[in-house]
Amino acid sequence: MMSNAASEHLPPLIIPMPDFRTLRLVASGVRDTCAQATTATWLAAELDRAAVVTSDVVPADVVTMHARVEYRDDVTEQIGRMTLVYPGEDHWDERCVSVLSPLGAAVLGLSEGQSIRWRTPSGGMRGVTVLRVLFQPYRATAELIRRDY
């Protein structure tokens, strides 16, 4: 089972209300027989512990849906970039990562500089650190609205 390491402190998560509502549906809509069922269960648990905020107060350094993120794989030390997307949107390009993948579920709601570790189904440990949020749609929308006034 994919779960967070019990001995580790879990970082706080921030999720905007529009993402939260849709992600609840995504997590609950995965069948137990589906390959993504374990990740969906983990995603549901992460949503349960997240601080849910209105979209106008989401900090610019938080990973939301459709955010572009630079991250470090804490096992391999490799740096990567990704856009966090909903299932079915991950075909847009090779850098799109579904929130129903272990990496996608891990970074959701994290802020720049935060790390999270989790146990894989095979018993190994994985970890990721958010280095930078390169684009976050809630802040981009807020900036556009401010410029129009």
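How many aromatic pairs does the structure hold? It holds 1. The model is predicted, so local features need pLDDT of at least 70 and side-chain atom pairs pLDDT 80 or more, while totals for chains, interfaces and linings use all residues. Residues are numbered from 1 along each chain as its sequence is written, and side-chain values use heavy atoms, without hydrogens and water.

**View 1. The aromatic pair of Trp42 and Trp118.** Rings of Phe, Tyr and Trp (its six-membered ring) pair if their centres lie within 6.5 Å; planes under 30 degrees apart are stacked, over 60 edge-to-face, and the rest tilted. The ring centres of Trp42 and Trp118 are 5.4 Å apart and the planes stand at 40 degrees, so this pair is tilted. Because Trp42 belongs to helix H2 (residues 37-49) and Trp118 to strand E7 (residues 115-119), the pair ties together parts 76 residues apart in sequence. Helices (H or I, at least four residues) and strands (E, at least two) are DSSP runs, numbered from the N terminus. Trp42 and Trp118 are both buried; buried means under 20% relative accessible area, exposed over 50%, and partly exposed in between (1.4 Å probe, protein chains only).

**View 2. The two sides of helix H1.** Asp19, Phe20, Leu23, Val26 and Ala27 are buried in H1. They cover an arc of only 125 degrees around the axis, which puts them on the same side of H1; the arc is taken from the directions from the helix axis to the C-beta atoms. Arg21, Leu25 and Ser28 are exposed on the face turned away from the buried side.

**View 3. His66 in its loop.** His66 lies between strand E3 (51-53) and strand E4 (68-73). Its phi is positive, about 70 degrees, although His66 is not a glycine. Most residues other than glycine have a negative phi.
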